[in-house]
Amino acid sequence: MPLPFRIIGKTFLGIDVGTSCIKIVELSKFGKRIKLENYGEIGAPAFYERPFRTVEKTTLLLSSRDIAKAILAILEEAKIKTKKVIFSIPDFSTFFTWFDLPPMTREEISEAVRYEARRHIPVPLSEVTLDWQIIEGLSDRERTKLKILLIAVPNETIEQYRQIAELTHFELQALEAEVFAFSRSSLRDEKGTVLLVDIGARSTTCSIIDKGVLKRSYSFDISGNELTNTLAKSLNITFPEAEKLKKQYGLLPERNLEKTFLPLIDLVLMEVEKVSKNFYYSESKEVQKVILGGGTALLAGLKEYFAQNLKKEVVVADPFANIFYPPILEKTLKEIGPAYTIAVGAALRGLE
């Protein structure tokens with residue numbers, strides 16, 4: 001006989017299949033308390049000689065079966081049993097666009113969005129799955145112009161994730177673009193305009209969130225791995241040796257590595273400033289805060305360099321900040337947090 005008033009908890013997995021690493025986070029929720037149950041990751045070099053995907057390909061580079069094997073290895077190592085999962089989809093394989101529609105009823109919007117999509121999506125609509133949301137307008141009392149955010153994901157990409165879920169015996173609950181997972185795990189009730197900078201292993205994405213709504217998102221190829229490769233070539237050392245030096249010294253003056261790193265970091269700053277200025281010109285709103293995520297966000301001196309050049313508040317993402325976990329993990333989670341923004345955000349989606 002079930003106990004009366006018993007609180008039934010729920011548990012979800014968030015999985016981030018990156019270019020060089022797969023990360024999994026298991027979160028549970030009882031009442032209002034969210035708890036970290038488990039986490040784990042596997043790097044592509046430990047599993048294969050090549051990455052899981054590349055920026056040039058929207059689809060996964062390795063087969064669904066290979067990705068599934070890597071995920072199962074993490075589950076076994078971390079002893080994860082949860083089956084309900086949310087997968088994140090890389091922003092560089094997701095097409096975002098924004099457009100206006102004239103005043104119309106809710107019933108008319110769906111057809112109008114699909115008609116407008118043909119003008120904005122560079123491939124046949126039969127090859128993509130569309131999702132959209134109204135980000136401004138549509139009041140029952142006042143008919144105003146509507147602003148629409150349209151998202152398109154290649155059907156081939158969606159089918160690959162479905163295959164992976166099937167091979168791993170997961171209950172696939174949803175797929176979502178990385179930017180939404182980043183936003184969910186890193187924003188703390190900000191009322192103004194925030195710019196998210198996700199510096200991954202193979203690409204960087206700049207996204208503007210205004211009052212909780214995605215207003216811009218742009219990906220480019222400058223990345224953490226490019227910093228490491230440049231250092232390896234300049235010092236004539238191996239990639240692993242360069243990665244170790246990068247993490248240890250970053251932009252600190254001890255080893256004078258900033259001469260190697262700053263030309264690339266300045267390119268990232270240029271893109272950040274360009275996205276910010278374009279948003280200001282179109283909506284007359286200034287970015288008030290910058291949040292750095294991705295594995296490179298903790299590069300020593302990077303936050304300070306961004307703040308100095310952008311003249312704005314710059315913080316490093318801390319996705320575990322509002323999640324309960326054993327105190328012994330605090331140092332570790334602070335160190336790995338920025339790299340887990342996407343996986344944590346995906347798991348949080350399942351708990352909403």
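## Helices and how they pack

Gly224, Asn225, Leu227, Thr228, Asn229, Leu231, Ala232 and Leu235 in helix H6 meet Phe239, Ala242, Glu243, Leu245 and Lys246 in helix H7, where meeting means contact, with heavy atoms within 4.5 Å. This is a predicted model, so local features need pLDDT of at least 70 and side-chain atom pairs count only at pLDDT 80 or more, while totals for chains, interfaces and linings use all residues. Residues are numbered from 1 along each chain as its sequence is written, and side-chain values use heavy atoms, with hydrogens and water left out. The helix and strand labels are DSSP runs numbered from the N terminus (H or I with at least four residues for helices, E with at least two for strands).

**H6 against H7.** Two packed helices are described by the angle between their axes and the distance between the axes. For H6 (residues 224–235) and H7 (residues 239–249), the axes come within 8 Å and cross at roughly 110 degrees. That makes H6 roughly perpendicular to H7. The axes here are lines fitted to C-alpha atoms, for helices over the stretch in contact, with angles running from 0 to 180 degrees between N-to-C directions. As for the wording, angles under 35 degrees count as roughly parallel, over 145 as roughly antiparallel, 65 to 115 as roughly perpendicular and the rest as oblique. H6 passes H7 in a right-handed crossing; a crossing gets that name if the near helix is turned clockwise from the far one by less than a right angle, and is left-handed if anticlockwise.

**H8 against H9.** Now for the other pair. H8 (residues 258–283) packs with H9 (residues 302–310) at an angle of about 50 degrees, with the axes 11 Å apart. H8 and H9 are therefore oblique to each other, and H8 passes H9 in a right-handed crossing. On the H8 side, the residues involved are Leu262, Ile265, Asp266, Val268, Leu269, Val272 and Glu273, and they meet Leu302, Tyr305, Phe306, Asn309 and Leu310 in H9.

Leaving aside residues up to four places away in sequence, Glu273 touches Asn309 and Leu310. At 31% relative accessibility, Glu273 counts as partly exposed; buried would be under 20% relative accessible area and exposed over 50%, with partly exposed in between (1.4 Å probe, protein chains only). Glu273 and Arg33 sit 240 residues apart in sequence and 38 Å apart in space, C-alpha to C-alpha.

| Helix | Residues | Expected span | End C-alpha to end C-alpha |
|---|---|---|---|
| H3 | 106–120 | 21 Å | 21 Å |

An α-helix has 3.6 residues a turn, so residues three or four places apart point the same way. In H6, the buried residues are Gly224, Asn225, Leu227, Thr228, Leu231 and Ala232. They cover an arc of only 155 degrees around the axis, which puts them on the same side of H6; the arc is that of the directions from the helix axis to the C-beta atoms. These buried residues pack against strand E9 (193–199), H7 and H8.

Over in H4, Thr157, Ile158, Gln160, Tyr161, Ile164 and Ala165 are buried. They also span an arc of only 155 degrees around the axis, which puts them on the same side of H4. Turned away from that buried side, the face of H4 carries the exposed residues Glu156 and Glu166. The cover over the buried residues of H4 includes strands E1 (10–17), E4 (84–89), E6 (128–136), E7 (146–154) and E8 (171–177), along with helix H2 (64–78).

H3 has Ile109, Ala112, Val113, Glu116 and Ala117 buried. Their cover includes strand E5 (95–101), E6 and E7.

**Positive phi after the helices.** Most residues other than glycine have a negative phi. Just after H4, His169 takes a positive phi of about 60 degrees. His169 belongs to the loop between H4 and E8 and, at 60% relative accessibility, counts as exposed. Just after H6, Asn236 takes a positive phi of about 55 degrees. Asn236 is in the loop between H6 and H7, and its 73% relative accessibility makes it exposed as well.

Definitions and conventions. Expected span 1.5 Å × (residues − 1).
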